[in-house]
Amino acid sequence: MTAKAVRVEMAAGDGDGGGGNVGVAVVTIDRPERHNAIDLPTAAELTDVWRGFRHDDAVRAIVLTGAGERAFCTGIDRSAEVPQPGSPYSMDDPLLAIGPKANDLWKPVIAAVNGMACGGAFYLLGESEFIIASEDAAFFDPHTTYGMVSAYEAISMAQRMPFGEVARMSLMGTAERLSARSAHRTGLVSEITPPGMAAAAAVRAAAVIASYPTEAVQGTVRALWAAKEAARTQALAHAPHLIALGNIEPERQADLFTARTREFRTR
């Protein structure tokens, strides 16, 4: 049997009053050897996890993180083959359903970012309530470097960061990485921790939220998303067309990826 790429564990108490379930589930993308990149089975597992939480009253808040120290998630696994329909009016994106909101889950999700978070990671970060990052975290969007349109990613980040910061990150590609400090300054990250401590800080915050009446918490989450839902929905409707028009052929993308420089600036 193939090992699961997404681990789900219930967080225990912080030790002040013993162990015990605090109503917090920790979801870990567990592919550290691939920088927690998402292939098709992993995408399906994430969808199943979020939909399962809708029916699990024991889960009242969720922490989302990546295994290992090198990456939170680096988006779609480049080895994944995604069959596409023959119609020019249809496009299959396996990452569209990997987030909690795409699966109608309104329990709060806190992302704990360690190492790199790039590309398709923003599908997940964009559907989290807030982000806690290790001080060695780095955020960047490689799409333009490899001849691809950053649409869903840029739209998600435009809901969280000043326009100029999103534009710079989306357009600079692999040449720049946004440090945890800069991400905090722009409002993308709400808290910075020492290396390796982001998940623990996220569990502490989630445990506080989980201790409150769940109806009030979920209603607040829903209200927050309602505030920006119309603009986000309208923008996302344009994404497939922009990608279809602007992406270069997969073969040319692969050539650019192979020839990429590993030099970058962190700001």
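**Reading the cores, salt bridges and a pocket**

Mentor: In this predicted model, valine 113 is in contact with Phe72, Leu125, Ile131, Ile132, Ala133, Ser134, Ala137, Phe139 and Ala198, its neighbours within four places in sequence left aside.

Trainee: What makes these residues contacts of valine 113?

Mentor: Contact means heavy atoms within 4.5 Å. Phe72 and Ala198 are among the residues that pass that test with valine 113.

Trainee: Which residues have the most contacts inside the largest nonpolar core?

Mentor: They are Phe53, Ile62, Val113, Leu125 and Phe139, in a core of 45 residues. Apart from it lies another core, of 16 residues, including Ala206, Ile209, Ala210 and Val217.

Trainee: Why is a set of this kind called a nonpolar core?

Mentor: Because its members are buried residues from a list that includes Ala, Val, Leu, Ile and Phe, joined through side-chain atoms within 4.5 Å. In soluble globular proteins, nonpolar side chains tend to be buried together.

Trainee: Why is the pair of aspartate 104 and arginine 54 called a salt bridge?

Mentor: The N to O distance between the two side chains is 3.4 Å. The cut-off is 4 Å between a side-chain nitrogen of Lys or Arg and a carboxyl oxygen of Asp or Glu, so the pair qualifies. The structure holds 16 salt bridges.

Trainee: What does the pair of aspartate 104 and arginine 54 tie together?

Mentor: Aspartate 104 is in the loop between β4 and β5, and arginine 54 is in the loop between α1 and β3, so parts 50 residues apart in sequence are tied together.

Trainee: Where do arginine 232 and glutamate 127 lie?

Mentor: Their side chains meet in a salt bridge at 3.4 Å, N to O. Arginine 232 is in helix α7 and glutamate 127 is in the loop between α2 and β7, so this pair ties together parts 105 residues apart in sequence. Both residues are buried.

Trainee: Which residues are closest to the centre of the second largest pocket?

Mentor: Of the 14 lining residues, Leu96, Ala102, Glu127, Arg232 and Leu236 are the closest to its centre. The space in this pocket is about 270 Å³. α7 gives the most to the lining, with 5 residues.

Trainee: What makes glutamate 165 and arginine 267 a salt bridge, and how accessible are they?

Mentor: Their side chains meet at 2.9 Å, N to O, and the limit is 4 Å. Glutamate 165 is in helix α4 and arginine 267 in the segment after β11, 102 residues apart. The cut-off for buried is under 20%; glutamate 165 is at 17%, so it counts as buried, and arginine 267, also with 17%, is buried.

Trainee: Why is threonine 174 called buried?

Mentor: Its relative accessible area is 15%, and under 20% means buried. Threonine 174 is in the loop between α4 and β9. Beyond its neighbours within four places in sequence, its contacts are Asp141, Pro142, Thr145, Tyr146, Glu263 and Phe264.

Conventions: Residues are numbered from 1 along each chain as its sequence is written. This is a predicted model: local features need pLDDT of at least 70, side-chain atom pairs count only at pLDDT 80 or more; totals for chains, interfaces and linings use all residues. Side-chain values use heavy atoms; hydrogens and water are left out. Buried means under 20% relative accessible area, exposed over 50%, partly exposed in between (1.4 Å probe, protein chains only). Helices (H or I, at least four residues) and strands (E, at least two) are DSSP runs, numbered from the N terminus. On a 1 Å grid over the protein atoms alone, a cavity is a set of points where a 1.4 Å probe fits but cannot get out, and a pocket is an open set with protein on both sides within 12 Å along at least five of seven lines; lining residues have an atom within 4 Å of a point. Grid points are joined across faces, edges and corners, and a volume is the space filled by probe spheres set on the points.
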